[in-house]
Amino acid sequence: MSLTTSLQAGLKGILAQQRQSEITGNNISNVNTPGYSRQTAGLSPSPTINIGGLMLGQGVDVDSVNREYDMFVSGQLAEQSSVVGDESARTQPLAELERIMSTGDDSLATEIDEFFGSWHELAENPGGGVEREQVLYKGQNLLDKFEQVRSGLVDVSGNIDETLNAEVETINQKLREFADLNGSIKQKETLGHEANSDRDRRDLLVKELSGTLGVETFETGDGQIGMQLPGGQSLVQGENASRFGAEYVDGKLSFSVKSNDVERQVGKNSFGGEFRGLLDIRDDTIPGLRKDIDQLEHKIVTEVNAQHEQGYGLDGENGRSFFTRQPSYLSETGFDDADSQDFGGGTIELNGVEVEITEDENNSLNGIRDAINDADAGVKASVVKDPDDSGQYRLNLTHETKGEDVDFKSRLDLDGGDPESAFEKDGDDSVRMNSVGSDNIGVALSSTDEVAAAGQSAGSPGDNENAIAVHSLSEEPLMDGENTFIEGYG
């Protein structure tokens, strides 16, 4: 080997080490760069030459710059990014819901307690004007708090929509960049060049979009990657990116993906990541809470009304609802006396449950009411005085579950033998019950004298029997037969 050849081999070794130092310096410079993959030099021996019959090497060459990249680990990171995105996105709205649904000093639980507490104070002084005024005031406060909670739930849902809507344009920019990187990587590697920086950037976009949308990726050849939503909707094919869209439909943000002039709607189940976490809260958690809050209010209103209607005000009148009557079913016929045993024997069927009415025992309007309430048919019965019908009494039925219908069939006879004069028939023993009441709940009483604290019509101002009964409702397991109102809220 000549001296020149030897020096050339040494020079190649020095240059190779210089390239490695440069690559190491680049690694150090990018140690905090998001998505950067550490790079290493790919070394290979220079081709050998025949010198004097011997095959001698000519040093070393740097023939590539490689990324330290593990496809399996990267796939796991992208998958976990979706899980982290889902869970972390829930943090803020759940914190807001916790504030709205708190059990602190300014909570719905406090208002429930104070409302029934006002009835306890009224029981101690049933003729007191201040105590009666407090009952009306606390009743309105309770309804206002229910409305405040519902309004808070609507606000959280709206905040979620605003958060999601703000992400749409950023998502489209990333999809477009991802498709462009596909094209750049294909072009560079086809020409034999490394596209390490482009691949790092593309992997970072996969991680970010996975955290946001839960996207899935797959190899398509030529160094390119396809991208789709977990539900299968394509987002990127080669160098073509779909456009992600959002618009409000009936007050709620909905999403679509447009590709090649074809637009498809995508629902909650098509997403992962942050979008799935936020949409779960918007579409499942919040409606579930709203339903529970509505049911709690419905139960309190129904139970308080039913008990209040049995009591008497200072003016000697009874049959009044404390709150505006909920949507319910009112008998066609009114009766002058709710205690008269005007009905013969027979049965009433409510939601498939038969209630027996025995002649000369519980066949008055009040007796029918008590029999229905003892039957566990999912219906709350009360006797109300209809102010539009000369003060006659009517049977009022309210389903214990808000929004449900009452299936009512009567097989009763009046003492004259004609059931139609009790409840109007519409065919095969079915009794038509008129839907009455309003979803807009308010305090129905117009004066303190109408607060029914007394248990008897001839009761003195000191009669507190019904006030005690209303207060006792707060201590009974009226929520699903297991919890009190406050426990049910908790």
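1. R290 and D294 form a salt bridge whose closest N and O atoms are 3.0 Å apart; a salt bridge here is a side-chain nitrogen of Lys or Arg within 4 Å of a carboxyl oxygen of Asp or Glu. Both residues belong to helix α6, 4 residues apart, about one turn of the helix. Helices (H or I, at least four residues) and strands (E, at least two) are DSSP runs, numbered from the N terminus. R290 counts as partly exposed at 33% relative accessibility, whereas D294 is buried with a relative accessible area of 13%. Buried denotes under 20% relative accessible area, exposed over 50%, and partly exposed the range in between (1.4 Å probe, protein chains only).

2. On provenance, the model is predicted: local features need pLDDT of at least 70, side-chain atom pairs count only at pLDDT 80 or more, and totals for chains, interfaces and linings use all residues. Residues are numbered from 1 along each chain as its sequence is written, and side-chain values use heavy atoms, with hydrogens and water left out.

3. D294 also forms a salt bridge with R150, the closest N and O atoms being 2.9 Å apart.

4. An α-helix has 3.6 residues a turn, so residues three or four places apart point the same way.

5. The salt-bridge rule gives a count of 25. A network of salt bridges links D86, R90, K268, R276, D280 and D284.

6. R202, in helix α5 (residues 196–213), deserves a separate remark. R202 is buried yet has no salt bridge; the nearest side chain of opposite charge, D203, is 4.8 Å away. Apart from neighbours within four places in sequence, R202 is in contact (heavy atoms within 4.5 Å) with F178, L181, N182, I185, G223, Q224 and I225.

7. Which residues of helix α8 (residues 465–472) are buried? They are N466, A467, V470 and H471. Seen down the axis of α8, these buried residues fall within an arc of 140°, so they line one face of the helix; the arc is that of the directions from the helix axis to the C-beta atoms. Their cover includes α3 (108–124) and α6 (273–308).

8. Two residues other than glycine have positive phi values. D250 has a phi of about 55° and lies in the loop between β9 (243–249) and β10 (252–259). N351, with phi near 50°, is placed in the loop between β13 (343–350) and β14 (353–357). As to accessibility, D250 is exposed at 80% relative accessible area, whereas N351 is partly exposed at 28%.

9. G490 is found in the segment after α9 (485–489) and is exposed, with a relative accessible area of 81%. The C-alpha atoms of G490 and T103 are separated by 7.4 Å, although the two residues are 387 residues apart along the chain.

10. L15 belongs to helix α1 (residues 3–29) and is partly exposed, with a relative accessible area of 35%.

11. For the protein chain as a whole, there are 9 helices and 18 strands. Of its 490 residues, 43% count as buried. Among contacts with a separation of 6 or more, residues 24 or more positions apart account for 63%. The chain exposes about 24300 Å², of which carbon and sulfur atoms supply 44%; accessible areas come from the Shrake-Rupley method with a 1.4 Å probe, and for residues only the protein chains shown count as cover.

Definitions and conventions:
Lys, Arg positive; Asp, Glu negative; His and termini not counted.
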